[in-house]
Amino acid sequence: MAPSSPVKRIVIVGGVAAGATAAARARRENEDTEIIILERGPYVSFANCGLPFYFSGEVAHRSALLIQSPETLAERYRLDVRIGHEVLAVDRAARRVQVRLNEYAVPDGVPGSEFSLSWDRLILATGSQPVMPEIPGIAGPHCFRLCGMTDLDRLHAWLTEHKPRHALVLGGGLVGLEMAEALTRHGLQVKLVETAPAVLPSMDPEFSHAVAEAADQAGVETICGSTVLEIDQAHRIALVQTHRSEHPDNPAGAPRRLPADIVVVAAGVKAENRLAVECGLEIGPGGGVRVNRHLQSTVDEAVYVAGDLAEIPLRLTGQAGRLPLAGPAGRQGRVAGANAARSLLPKGGALESYPGALGIWVLRIFGMAVGSVGLTEKAAAALQIRAGAAIVHRTPRAAWMEPSGQISLKLVWDRDSGKLLGGQAIGTDGVDKRIDVLAAALAGKLGVRDLEQLDLSYAPPFNSAIDPLNYAAMVAVNDLDGRSPSVSPAEFLHRFDLKQDLVLDVRMPLECANGHIPGSLNIPVDELRGRHGEIPRDRRRLYIHCAAGFRAHLAVRLLSQLGFENVVNVSGGWMSLRHYFPAPQTRR
Ligand SMILES: Cc1cc2nc3c(=O)[nH]c(=O)nc-3n(C[C@H](O)[C@H](O)[C@H](O)COP(=O)(O)OP(=O)(O)OC[C@H]3O[C@@H](n4cnc5c(N)ncnc54)[C@H](O)[C@@H]3O)c2cc1C
């Protein structure tokens, strides 16, 4: 092994979210270590997450996204920050990295020159790289990805010079949606193509559909279940094939020709794992590096891994996976930095543990906020968990305050234990608050009964006296206790059998006229005491729904007490169901 320098050295590869955080924490833990950040790009510690907002014009100054510079990090933390320094290889046996300088290393370095550097502890924080689908034409000069300031600068420059009118966004995830909205702010006509059946495909369908609806209202056409076959720069079009199963009314299956003066690719990210793979670290199924609870690589304790590159415990499943998000990256950076630094202290030091992540995110899009934490209903189903789901549509503040706003909230919980599993929300405001409270509840392993009674703050400008989370938990507890059994729209659609079951719609006829489930029986809830004789008693199950859930709950309680069996509330009512029955139907 090559001799280490007498002063112990931590080398950090990647100097943005996890890397810069690790470096600063390492210095706070160990003043005597040499700490070197090697970053191949031109910037360290910049706000990747702010790129769509700078692009949209909402963040006025580019410099606002540059949180730290090599100079400020050197001054405050005595860090040796080297931009334009790409690590080519890691030699774990010799504890050295091979580094090549690129154009961003000027004026201090010679681009193309190489050197080797020893380390005592290595922190890999190389993040993710964007997925670029193999589509003919995707390398064209009018096609852009968004991974860092330089990509954004190119996009800005192209937009200013070419003044495109039609934009195509590939990918309906968080970044794709943010970029679609930002492009509309530049006055472009935007279409968004997503391969999955819906945008934000990790969410349950009611929420994905609501986002697509908001996009549509904002003038962004979302084309889901579709693949871009070819991008033709000369004719400024893209050929898009919608999969037959997604669009049965597309008999010829002919690809659409969509105008595409400019194409933004936001098709997801994969781990930037080349160095890790080549130096023999253990790679998990998600392509990230396997780590122990101290964020040390499972095959070499001197190598720490943090951020998008790490495969970390997912707290609700106990499995390991990648969560390419800034919050976990920063917190992992802190742990990796502290541990690398403490392990070099002469007397050593207790190592910190990283508990894993819940999987939480929030997004502001098309005038709405949308967020998710923990497991969705479909994720729970995939894990074969017997999950219940309670959907409510409420006002995020007192209903009589102007504007009272609107929020739709879904709780997912374990039918066997009553423990919370996750939640999703969409609305005009108050979404982040509910998702964050849920995160705390999940971290505390609370159940629906705890959430029902959780004290949450109230004054009319901020909340209803019963918070939407309390309310959703009440629905769940009523279900858990069998007082008012409910199913989610997805479960209803899965289980419903027209021959054996009946749908009772307890809304007013006028409400039903705007859309209803074909074959359903309509008796308004207030007429139910006088008209329950019209409901056949020979059905296997009676599914009841109203607009949002409350009237159906009243109907369930009444009919149960009148001796009807197997009476079930379809949670969320028509406001959630309508996403599955989009066109107004004619009652039989
Ligand atoms: C446009 C956009 C919007 C986002 N919005 C959100 C959001 O709203 N919320 C959220 O939670 N997350 C968001 N994210 C994700 C978040 O930015 C990432 O999860 C986070 O930056 C990951 O941190 P990291 O340190 O692991 O990687 P990064 O921040 O990507 O840093 C990795 C760095 O390593 C460098 N590097 C890689 N290989 C080498 C090498 N061989 N030598 C030297 N340097 C190397 C790279 O140049 C890069 O600068 C967004 C990401 C993007 C791109």
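This is a predicted model: local features need pLDDT of at least 70, side-chain atom pairs count only at pLDDT 80 or more; totals for chains, interfaces and linings use all residues.
Two or more of the lining residues of the largest cavity are given by each of the elements α2, which spans residues 51–56, and α5, which spans residues 174–185. Of the elements involved, α5 gives the most to this lining, with 4 residues. When the residues lining the largest cavity are grouped by class, 5 are charged, 3 are nonpolar and 1 is polar.

Elsewhere in the model, 3 strands form an open sheet, in which they follow the order β13-β14-β15 and the pairing is antiparallel. The edges of this sheet are formed by β13, covering residues 226–232, and by β15, covering residues 256–259, each of which pairs on one side only. Neighbouring strands of the sheet are turned by 30 degrees against each other on average, with direction ignored.

The pairing between β13 and β14, the latter comprising residues 237–242, runs in the antiparallel sense and extends over 6 bridges. Where β14 is concerned, Ile237 in this strand has Asp232 standing opposite, and Asp232 lies in the range 226–232 that is assigned to the edge strand β13.

Key
Residues are numbered from 1 along each chain as its sequence is written. Side-chain values use heavy atoms; hydrogens and water are left out. Ala, Val, Leu, Ile, Met, Phe, Trp, Tyr, Cys and Pro count as nonpolar, Asp, Glu, Lys and Arg as charged, and the others, Gly among them, as polar. Two strands pair if DSSP finds at least two bridges between them. Axes are lines fitted to C-alpha atoms, for helices over the stretch in contact, and angles run from 0 to 180 degrees between N-to-C directions.
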